[in-house]
Amino acid sequence: MASQNIYILAIESSCDDTAAAILKNDTLLSNIVATQDVHQKFGGVVPELASRAHQQNIVPVIHQAIAQANIDKKDISAIAFTRGPGLMGSLLVGTSFAKSLALGLNIPLIEVNHMQAHILAHFIKEENFDIPQFPFLALTISGGHTQIVKVESHFEMEVIGQTIDDAVGEAYDKSAKILGLPYPGGPLIDKYAQLGDPKAYKFTKPKVGGLDFSFSGLKTAILYFIQKQVKENPNFIEENRNDICASIQYTIVNILMDKLKKAVKETGITQIAIGGGVSANSGIRKALKEAEGKYAWKTYVPKFEYTTDNAAMIGIVGYYKYLAKEFVDLSVTAQPRYKI
């Protein structure tokens with residue numbers, strides 16, 4: 001078996017992106033993502049619309065992934081799919097299709113935890129990208145999750161800190177909404193932040209014990225601050241947008257880094273890997289790189305296309321599970337609240 005190549009077809013449909021990828025062992029051959037623009041006018045993801053769009057996109061996306069990888073579907077060794085966490089309707093589309101195709105091709109089926117995949121995305125073979133050494137700490141930050149995970153092996157992971165309310169991605173998007181920026185607003189805050197003064201306005205950091213996070217209080221503080229300033233000056237946002245965004249980003253990054261420093265102190269682990277959509281944020285990446293020199297950490301930042309929801313990260317988990325012969329049968333069901 002070791003001498004044979006393993007081809008994994010991976011399917012990701014946890015939220016509003018339909019994605020498919022082909023991996024040859026731990027090397028990516030194709031990674032196709034169909035985004036859904038339908039949610040922008042609603043200021044957030046509408047679950048019913050997301051599941052409908054997945055049904056429209058899943059066949060062409062998988063077809064394109066196989067074609068781009070230049071293989072035949074008969075070459076596929078196994079199908080890996082996102083079982084959860086995520087939106088139930090979206091997960092059902094990917095789960096049902098994966099089960100049907102695995103049955104039709106008579107090949108193994110592999111279920112994948114979406115959050116575990118964000119962490120193991122670092123193990124996709126890429127030039128000029130190092131692979132973390134066990135044990136390491138993973139900071140997984142996205143629209144739905146904020147976690148610090150102690151990673152002992154590919155499948156031995158322990159969540160040692162997490163958000164008790166809003167995730168960091170929600171904090172970005174809700175702050176952007178307060179500023180009148182379109183959805184998704186997180187990348188726009190990052191864009192404007194790079195042009196502003198991060199210490200122009202001070203927002204109080206929430207006091208949460210242990211390694212857990214809270215962002216709902218920060219969101220409320222930003223809302224009240226903006227309401228007060230706009231009442232005094234209706235053009236306040238337009239005149240100070242860069243400084244406001246820079247100050248918001250500075251506060252959020254400091255919240256994340258404070259908890260991360262505490263986690264390093266408590267565990268003694270100085271290898272840090274980040275994952276999830278918000279890990280594309282320039283402020284977070286810069287803070288991690290600075291910490292590398294300041295605290296003698298070794299930091300791992302994934303390739304940009306592996307940060308947002310994608311099927312490549314599902315595929316790498318599928319590859320390692322294939323090696324361990326961790327397969328599931330056709331009775332497997334989607335798990336919208338699937339924990340590591």
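User: Which residues does F215 touch, not counting residues up to four places away in sequence?

Analyst: Bear in mind that this is a predicted model, where local features need pLDDT of at least 70 and side-chain atom pairs count only at pLDDT 80 or more, while totals for chains, interfaces and linings use all residues. Residues are numbered from 1 along each chain as its sequence is written, and side-chain values use heavy atoms, with hydrogens and water left out. Contact means heavy atoms within 4.5 Å. With residues up to four places away in sequence set aside, F215 touches T146, T163, D165, D166, A167, V168, A171, I252, I255 and L256.

User: Which residues touch the most other members of the largest nonpolar core?

Analyst: A nonpolar core is a set of buried Ala, Val, Leu, Ile, Met, Phe, Trp, Tyr and Cys residues joined through side-chain atoms within 4.5 Å. Buried means under 20% relative accessible area, exposed over 50%, and partly exposed in between (1.4 Å probe, protein chains only). The largest core has 45 residues, and the ones touching the most other members are F215 and I252.

User: Which element gives this core its largest share?

Analyst: Helices (H or I, at least four residues) and strands (E, at least two) are DSSP runs, numbered from the N terminus. Those giving two or more residues to the core are β6 (136–141), α4, α5 (186–193), α6 (216–232), α7, β9 (271–275) and α8 (282–295). The largest share is 14 residues, and it comes from α7.

User: Are α4 and α7 roughly parallel or antiparallel?

Analyst: Axes are lines fitted to C-alpha atoms, for helices over the stretch in contact, with angles from 0 to 180 degrees between N-to-C directions. The axes of α4 (residues 168–178) and α7 (residues 236–267) come within 11 Å and cross at roughly 165 degrees. Angles under 35 degrees count as roughly parallel, over 145 as roughly antiparallel, 65 to 115 as roughly perpendicular and the rest as oblique. So α4, relative to α7, is roughly antiparallel.

User: How many nonpolar, polar and charged residues are in the contact of α4 with α7?

Analyst: On the α4 side you've got V168, A171, Y172, S175 and I178, and they meet I237, I248, Q249, I252, V253 and L256 in α7. Ala, Val, Leu, Ile, Met, Phe, Trp, Tyr, Cys and Pro count as nonpolar, Asp, Glu, Lys and Arg as charged, and the others, Gly among them, as polar. That contact comes out at nine nonpolar, two polar and no charged residues.

User: What about α5 on α7: is the crossing left-handed or right-handed?

Analyst: α5 and α7 pack at about 110 degrees with their axes 7 Å apart, which makes α5 roughly perpendicular to α7. A crossing is left-handed if the near helix is turned anticlockwise from the far one by less than a right angle, and right-handed if clockwise. The crossing of α5 past α7 is left-handed.

User: Which residues of α7 does α5 meet?

Analyst: By class, this contact has five nonpolar, two polar and two charged residues. From α5 come I189, D190, Y192 and A193, and on α7 they meet R241, N242, C245, A246 and Q249.

User: What is omega for the peptide bond from F134 to P135?

Analyst: F134 sits in the loop between α3 (114–120) and β6, and P135 is in the loop between α3 and β6 as well. Most residues other than glycine have a negative phi, and most peptide bonds are trans. The bond from F134 to P135 is cis, with omega near -5 degrees.

User: How far apart are the C-alpha atoms of F134 and Q271?

Analyst: F134 is partly exposed, at 33% relative accessible area. Leaving out residues up to four places away in sequence, F134 touches F123, V151, E152, S153, H154 and Q271. F134 and Q271 are 137 residues apart along the chain, yet their C-alpha atoms are separated by 8.4 Å.

User: Is N106 buried or exposed?

Analyst: N106 lies in the loop between α2 (88–105) and β5 (109–113). It has a positive phi of about 55 degrees although it is not a glycine. With 71% relative accessibility, N106 counts as exposed.
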